[in-house]
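Hi everyone, thanks for coming. Let me put the structure up, and then we can walk through it together.

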Amino acid sequence: MSNVRDRIKAIKQDIRESVGKEKAVIAVSGGIDSSVCALLSNEVIPDQLFSVYIRTGFNLDKEERNLVKLFKKQGIRLKILKREKEYFNELRNIKDSWKRRYTFGVISLKNIKKYAESIGASVLINGVNKNDKEISNIVNSSKQRAKEVKEVLGLKLVEPIADIYKGGVKKIALNIGLKEIINKQHIPGPALVIRISGKITREKLKLLKEINEFTDSQVNEKYWQFFPFLLDERLDNKFLIILRAVTSKDGGFSAEVKYDLKLLNKLAMGILKKYPKVGRVLFDISPKPPVTIEFM
Ligand code: XMP
């Protein structure tokens, strides 16, 4: 534990020195990485820290509710940017998943930039961990990414947990009282944007959100991820829902499919009964590798 405390001390010192006397923005998602960075930053630069959550409309409502509750409890200032319409309108007609991710990222950067300008911030604290870094390094060097962020945003990038693996970040979270979010499922940045095939419509998004809330309410055991995907292949004019349930250390290189037939049966019955627009519920048995966790 003393090792963890030393780490926390070093992170706080790094934040203090890197931010200096400037104002800093941190975009938070409710996930473990950005929450750890926000809490530690708030301990050393409370008056210079501006946390921001973008309501994209693609996250479950409970994520925002829990985040607001946590930040209130911790006494951290939090701005909610309500941008559902903007995200929906920009993304609705994009079918390609990488274009969706890219567009989602561009809209997010634009909003962060605008917000930073509005409060006169010159630093962006980014809660990226070492696993994320290693994965992104395969496709893009992190130096290059930092340069891009600086160029796009004109902000200095501070990444306080970039040399700590997910397991280490969890230990820190536990040490600073973030027990309740340690066991949360991992949620990808673009969230439900990458879990709807075909055009994104309000009907599909609403349905998938409701089904996701329902599955979350029924799954008690620990999974890396357990989620529904809405497939726009109609049978008798009804949607198909595919359930995906995997365990994994960090999602990066491998994930194992986890079967719980009793639970799956209960979920299928529940979904078909509660949501008449769903024609069939399927279960994905594909491990990673060779396929990815997300469908698109
Ligand atoms: P894949 O689908 O590549 O996903 O096996 C591995 C892990 O990363 C998450 N994931 C993302 N996270 N932005 C994110 O922040 C993304 O675009 C993205 N795509 C995948 C995925 O949920 C899984 O945990």
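Which residues of the largest nonpolar core touch the most other members? Before I answer, a word on the model: it is predicted, so to speak of local features we need pLDDT of at least 70, side-chain atom pairs count only at pLDDT 80 or more, and totals for chains, interfaces and linings use all residues. Residues are numbered from 1 along each chain as its sequence is written.

Now the answer: Ala24, Val25, Ile26, Val36 and Val123, in a core of 36 residues. By nonpolar core I mean a set of buried Ala, Val, Leu, Ile, Met, Phe, Trp, Tyr and Cys residues joined through C-beta atoms within 7 Å. A residue is buried if 20 or more other C-beta atoms lie within 10 Å of its own, exposed if 12 or fewer, and partly exposed in between, with C-beta atoms placed from the backbone. Several elements each supply at least two residues of this core, among them α1 (2-19), β1 (24-27) and α5 (97-119). Helices (H or I, at least four residues) and strands (E, at least two) are DSSP runs, numbered from the N terminus. The largest share, 6 residues, comes from α2. There is also a second, separate core of 26 residues, which includes Phe58, Tyr87, Val193 and Leu267.

Next, a helix pair. Helices α10 (residues 202-218) and α11 (residues 261-274) pack at about 145°, their axes 11 Å apart. Those axes are lines fitted to C-alpha atoms, for helices over the stretch in contact, and angles run from 0 to 180 degrees between N-to-C directions. On the α10 side, Ile211, Phe214, Thr215 and Gln218 take part, and their partners in α11 include Leu263, Leu267 and Ile271. Contact here means C-beta atoms, placed from the backbone, within 7 Å.

On to the ligand. Its surroundings include Arg101, His186, Gln225, Lys288 and Glu294, where near means a C-beta atom, placed from the backbone, within 6 Å.

Lys288 also takes part in a cis peptide bond, to Pro289, with omega about -10°. The bond from Pro289 to Pro290 is cis too, with omega near 10°.

Finally, some backbone angles to check. Ala191 has a positive phi, near 50°, and sits in the loop between α9 (179-182) and α10. Asn237 has a phi near 65°, in the loop between β6 (225-235) and β7 (238-247). Is Asn237 buried or exposed? Exposed, because it has 7 other C-beta atoms within 10 Å.

Note on methods
Contact = placed C-beta atoms within 7 Å.
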